[in-house]
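Subject: Structure handed over, with findings

Dear colleague,

Please find the structure below, followed by an account of what was found in it. I would be grateful if you could read the two side by side.

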Amino acid sequence: MPSEHTPLYQALAEELHGAISDGRLPAGSRLPSVRETARNRALSINTVLAAYRQLETRGQVEARPQSGYFVRSRLPSPPASPLPLKPATAQPAEVAVLGRIEAVLAAQSNPGTIDLSLACPKSSDFYPGRQLNRLVVDTARRKPELLTDYSLPPGPLLLRREICRHAHDLGMTLAPEDIILTNGCMEALQLALRGVTRPGDTIALESPTYFNLISLAEHLGLRTIEVPTHPGQGMSLDALELLLSEKRVQAVVTMPSVHNPLGTSMPVAAKRRLAALAQTWRVPVIEDALYAELQYATPLQPTVKSFDGDGWVILCTSYTKTLAPGFRVGWMEAGRFQRRIAALKFSASLAQPAFLGEVLGAYLETGGYAQHLRRLRRVYAAQVDRLRGVIGSAFPAGTRATEPTGGFLVWVELPEGCDGNHLCDDALERGITITPGSLFSPSGRHGNHIRLSACHHFSDRHVHALLTLGELLQRQIGE
Ligand SMILES: Cc1ncc(COP(=O)(O)O)c(C=O)c1O
């Protein structure tokens, strides 16, 4: 719901987004011309253009030369979560499920594989390689001691300062002394869980959730409870509150801004409520914000951490998806758990390589990051749009897919009778990798879903692979 502080173009974009979503502006219909809308609403041409362009970036409308803006046809979204309101206790992960992860990972390293699975872009085109290379050389020349001296915490001040400066874009006011540098987001998540739980404790995970969180919980000896999570709403806070009222839960792990695998975000009001729940129930909320900067629409929506009054939210993220995957530079802000988690980090691996941190800090300082992110958002929005378009025409009727609000992941619900695990196995035999939905649940739910990734240059090979998947599904329906 736009507030009085929402920019005019954003309010108009939200209004039109609503009309498109609920069918008042059906696929194929033409938006009123820019001039007409500007006149009717007493807005400037630039304001209307900015709103229309935002809808275009989201893939909801397309500009046709000399004709205007048209609503795109789209796949239906999945319905409200089919999971019960009351979350169930999870079972241990099946061996077959773990074997499937290994098979997909092994296939990804084969150059002949058409990869629709990996959630990290391989193409150097998606990264500012030239600038980073230059800064690597420059930093080695200017500060050779970074290569020879022992790296100690808390790590380069320049990087921690820049992290805090950029965190403003996500609504957060952070202090450099509270930033703990980590080996990617995964180490931050591990430290967060180790910092607030003990083996045997219970944690709440979203369902679906990022599959590595499931194995992390298992390795830490934690019990998991799945909380239904819906593309439009994020984690069901009613279900979470019910759970918190009935059971001692030591941590809640969530991806509220551009979720993996859903690709969508929790509304801002729900984020605010989640921060309040954390405080009321005195439960740590571990917020994985890895894809938050890849939201398509700007200004970016804030994180849950932005509403954290009492330090119950632990924010974990990294630059592996947005900037330099090979650097593995991640960071966290652990709120009231800061001291304990900084000590855990020290005992686990002392510190991060100062050299890479300095290079990244120097890059962030240049201002090129904002520009790079703008380009990345455009590229991913267009790729996701293309992916959804091909799914819409290649997959059998009854297929639904999320409408991502950022990043490059699409969560696809298969038609009734189809099975994501079988599709994954059949696709692997044909040199195509996808991620079956069952990996995203500790109890193997979401068997009729798959996650597809659009983070490679989308080529004819990808289109061909999607057509093959469509045929395989058709065959499943026939059987
Ligand atoms: C949601 C989510 N969190 C964390 C990670 C791990 O991030 P990193 O590579 O920075 O450790 C991933 C990787 O795919 C992810 O998708």
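A residue is called buried if 20 or more other C-beta atoms lie within 10 Å of its own, exposed if 12 or fewer do, and partly exposed in between, with C-beta atoms placed from the backbone. Helices (H or I, at least four residues) and strands (E, at least two) are DSSP runs numbered from the N terminus. The model is a predicted one, in which local features need pLDDT of at least 70 and side-chain atom pairs count only at pLDDT 80 or more, while totals for chains, interfaces and linings use all residues. Residues are numbered from 1 along each chain as its sequence is written.

Overall form

The protein chain contains 16 helices and 16 strands. Its radius of gyration is 22 Å, close to the 23 Å that the globule rule gives for 479 residues, so the protein chain is as compact as a globular protein of that length. The radius is taken over C-alpha atoms, and the globule rule is 2.2 Å times the number of residues to the power 0.38. The C-alpha trace spans about 60 × 55 × 50 Å along its principal axes. Of the 479 residues, 46% are buried.

Three domains divide the protein chain: domain 1 (8-71), domain 2 (95-125 + 371-478) and domain 3 (127-368). These bounds come from an automatic or database domain assignment. The centres of domain 1 and domain 3, taken over C-alpha atoms, are separated by 35 Å.

The sheet

Eight strands form an open sheet with mixed pairing, in the order β4-β11-β10-β9-β8-β5-β6-β7. At the edges are β4 (179-183) and β7 (234-235), each of which pairs on one side only. Two strands are said to pair if DSSP finds at least two bridges between them. Strands β5 (residues 202-207) and β6 (residues 223-230) pair in the parallel sense over six bridges. Across this pairing, Ala204 stands opposite Ile225 in β6, and Glu206 stands opposite Val227 in β6. Strand β5 is mostly covered, as five of its six residues are buried.

Which residues surround the ligand? They are Ala119, Gly184, Cys185, Met186, Tyr210, Met255, Asn260, Asp288, Leu290, Ser318, Thr320 and Gly330. A residue is taken as near a molecule or strand if its C-beta atom, placed from the backbone, lies within 6 Å of it. By class, this shell has six nonpolar, five polar and one charged residues. Here Ala, Val, Leu, Ile, Met, Phe, Trp, Tyr, Cys and Pro count as nonpolar, Asp, Glu, Lys and Arg as charged, and the others, Gly among them, as polar.

Helix α8 (residues 184-196) gives the largest share of the shell, three residues. This helix α8 has 13 residues and reaches 19 Å from its first C-alpha to its last, close to the 18 Å expected at 1.5 Å a residue. The expected span is 1.5 Å times one less than the number of residues. Twelve of the 13 residues of α8 are buried, among them Gly184, Cys185 and Met186.

Helix α12 (residues 338-349), with twelve residues, reaches 16 Å between its first and last C-alpha, close to the 16 Å expected.

Backbone features

Most residues other than glycine have a negative phi, and most peptide bonds are trans. The following places depart from that pattern.

- Ala42 has a phi near 55° and is found in the loop between α2 (34-41) and α3 (45-57). It is exposed, with 7 other C-beta atoms within 10 Å.
- His446 has a positive phi of about 65° and is found in the loop between β15 (435-436) and β16 (449-453). With 23 C-beta neighbours inside 10 Å, His446 counts as buried.
- Pro153 and Pro154 are joined by a cis peptide bond with omega about 5°. Pro154 is in the loop between α6 (145-148) and α7 (157-167).
- The peptide bond from Thr298 to Pro299 is also cis, with omega near -5°. Pro299 lies in the loop between β9 (285-288) and β10 (313-318).

With kind regards
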